[in-house]
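Welcome, and thanks for taking a look at this one.

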Amino acid sequence: MSLFYSYFFGVPGGTWMALSVAGYITYYLSKCVQRPVMAVNPDSKFAQFLTSHLSVLQEKYWPTPWCLEARLQTVLGSLFRSQLPNIDYQRELVDLPDGGVVALDWHRASFKGAKKDDPHPIVLLVPGLTGSSQSDYIRSLIHVSEKIGASCVVLNQRGRGGVKLKTPRTYCAANSEDLGFVIDHLHKTFPRARLMLTGVSLGGMIVGNYLQQQSSAAVDKVLAAMIISVPWNVFVGCASLETPHLNLMLNRHLADCLVDSVKMHEDVINHENAPWNWKEVCKSRTIREFDASFVVKQFGFRDVEDYYTAASLNDKLHRIQVPLLGLNAADDPFIPFNGVPLEQVKQTSHVAIVMTSHGGHIGFMEGMLPFKQNYIDRVFAEYCRAALANPELIQQ
């Protein structure tokens with residue numbers, strides 16, 4: 001290699017290597033290590049709260065220098081978190097009005113709400129597409145929950161987390177009925193406990209849609225919320241995932257996961273009067289195909305465009321009256337920079353979006369050895385802790 005550089009460029013190989021390393025370090029420090037962008041209405045009380053109480057947002061984000069590529073951040077971030085030990089939960093099954101059931105998994109180590117009059121706060125986590133309480137990103141959030149001073153509980157959607165479906169209905173990004181029922185259940189069980197919501201990816205879309213659908217009615221139920229790696233504009237996100245070749249490979253992997261998730265409950269879902277064609281559902285190769293063949297027909301949308309319009313949050317932010325913090329990466333393959341409503345947020349009173357230059361989708365690895373805490377965990381812990389310590393300030 002040294003002879004190659006010397007022969008073609010007239011530069012000794014060792015010198016060329018040193019220049020390459022120096023050039024990369026210069027690029028990394030000047031282009032990659034940056035303070036996150038925070039889009040928020042500068043005149044809002046929420047902006048003042050975030051600026052005053054979240055020091056992590058004033059710091060530079062140092063993405064892992066040997067893993068800057070977005071899809072590598074996405075895949076390796078999940079791989080490293082998967083090494084975390086499983087969480088010890090106490091399970092509570094919640095029966096839904098239509099005969100369905102969801103599971104609430106309470107983190108035993110943080111669970112304090114043993115009595116109905118206990119004021120100990122609660123953080124409710126909502127996993128993503130085919131996630132559950134043992135998903136790697138949920139386990140990572142649970143591991144930092146001791147810094148929050150709250151009981152942490154995870155909502156396993158219908159058919160997830162080892163819970164068998166009782167009805168053919170599952171869940172989707174635009175429908176927040178099950179989440180709303182669980183929130184009401186928690187308030188009835190622990191009426192004095194303050195409640196915070198955190199949703200990841202599709203779980204974040206459900207949280208966001210609950211807040212915009214309930215609008216001011218959610219203020220008395222939810223103190224504050226955080227959503228992570230959310231596809232704010234589903235049309236833009238879906239188009240990005242259909243881009244050849246790596247994004248499309250990721251799309252097909254997720255579609256396979258969705259098909260596998262319904263095949264687990266074929267005896268309930270594949271019934272004689274179902275409005276969907278089971279063979280077509282199982283042949284889905286992309287998320288759009290799965291949504292068109294199954295989700296649209298299950299939840300009564302006209303077509304996939306109608307569903308994606310209902311699920312997208314970018315044009316509904318003005319309805320949200322509960323403080324909501326979003327965290328996205330500019331290079332997220334699920335929702336690229338142009339799909340994040342940074343300008344629309346500035347016209348709202350209760351929504352802010354923090355965007356890092358790198359991080360992929362639920363990646364956000366940082367530092368040279370990103371094997372423990374990541375940027376998501378740090379923002380989550382500091383935001384929850386600040387909100388619970390200053391409830392009168394965050395809800396102004």
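This is a predicted model: local features need pLDDT of at least 70, side-chain atom pairs count only at pLDDT 80 or more; totals for chains, interfaces and linings use all residues.

Helices (H or I, at least four residues) and strands (E, at least two) are DSSP runs, numbered from the N terminus.

Residues are numbered from 1 along each chain as its sequence is written, and side-chain values use heavy atoms, with hydrogens and water left out.

**The sheet**

- An open sheet of 9 strands runs in the order β1-β9-β8-β7-β6-β4-β5-β3-β2, with mixed pairing; two strands pair if DSSP finds at least two bridges between them.
- At the edges are β1 (37-40) and β2 (89-95), each of which pairs on one side only.
- On average, neighbouring strands of this sheet are turned by 20° against each other, direction ignored. Axes here are lines fitted to C-alpha atoms, for helices over the stretch in contact, and angles run from 0 to 180 degrees between N-to-C directions.
- Helix α7 packs on the sheet and touches β4 (122-126), β6, β7 and β8, where contact means heavy atoms within 4.5 Å. The direction of α7 makes about 135° with that of β6.

**Strand β8 and its neighbours**

- Strand β8 (residues 324-329) pairs with strand β7 (residues 224-228) in the parallel sense over 4 bridges.
- Along this pairing, Met 226 has Leu 325 in β8 as its bridge partner, and Ile 227 stands opposite Gly 326.
- The pairing of β8 with β9 is parallel too, over 6 bridges. Here Leu 324 stands opposite Val 351 in β9.
- Because 6 of the 6 residues of β8 are buried, β8 is largely enclosed by the rest of the structure. Buried means under 20% relative accessible area, exposed over 50%, and partly exposed in between (1.4 Å probe, protein chains only).
- Leu 324, Gly 326 and Asn 328 point one way from β8, while Leu 325, Leu 327 and Ala 329 point the other way.

**Positive phi angles**

- Ser 201 is not a glycine, yet its phi is positive, near 55°. Ser 201 sits in the loop between β6 (195-200) and α7 (202-214) and is buried, at 9% relative accessible area.
- Ile 362 also has a positive phi, of about 55°, without being a glycine. Look for Ile 362 in the loop between β9 (351-356) and α15 (375-389); at 8% relative accessibility, Ile 362 is buried.

**Salt bridges**

- Side chains of opposite charge can pair when their charged atoms come close. A salt bridge is a side-chain nitrogen of Lys or Arg within 4 Å of a carboxyl oxygen of Asp or Glu.
- How many salt bridges does the structure hold? There are 18.
- One of them joins the side chains of Lys 166 and Asp 95 (3.9 Å, N to O). Lys 166 lies in the loop between β5 (151-156) and α6 (177-189) and Asp 95 in strand β2, so the pair ties together parts that are 71 residues apart in sequence. Lys 166 is exposed, at 55% relative accessibility.
- Arg 169 and Asp 178 meet in a salt bridge (3.9 Å, N to O), and both of these residues are buried.
- A network of salt bridges links Asp 98, Arg 158, Arg 169, Glu 177 and Asp 178.
- Lys 283 and Glu 280 form another salt bridge, at 3.2 Å from N to O. Lys 283 is exposed at 53% relative accessible area, while Glu 280 is partly exposed at 39%.

**A nonpolar surface patch**

- Met 17, Val 21, Ile 25, Leu 29 and Trp 62 form a nonpolar patch on the surface, with about 470 Å² of accessible area together.
- Patches are made of residues with over 30% relative accessible area and no salt bridge: like charges are joined within 9 Å, nonpolar side chains (Val, Leu, Ile, Met, Phe, Trp, Tyr) within 5 Å. Accessible areas come from the Shrake-Rupley method with a 1.4 Å probe, and for residues, only the protein chains shown count as cover.
- Val 21 from this patch lies in helix α2 (residues 13-32) and is partly exposed, at 43% relative accessible area.
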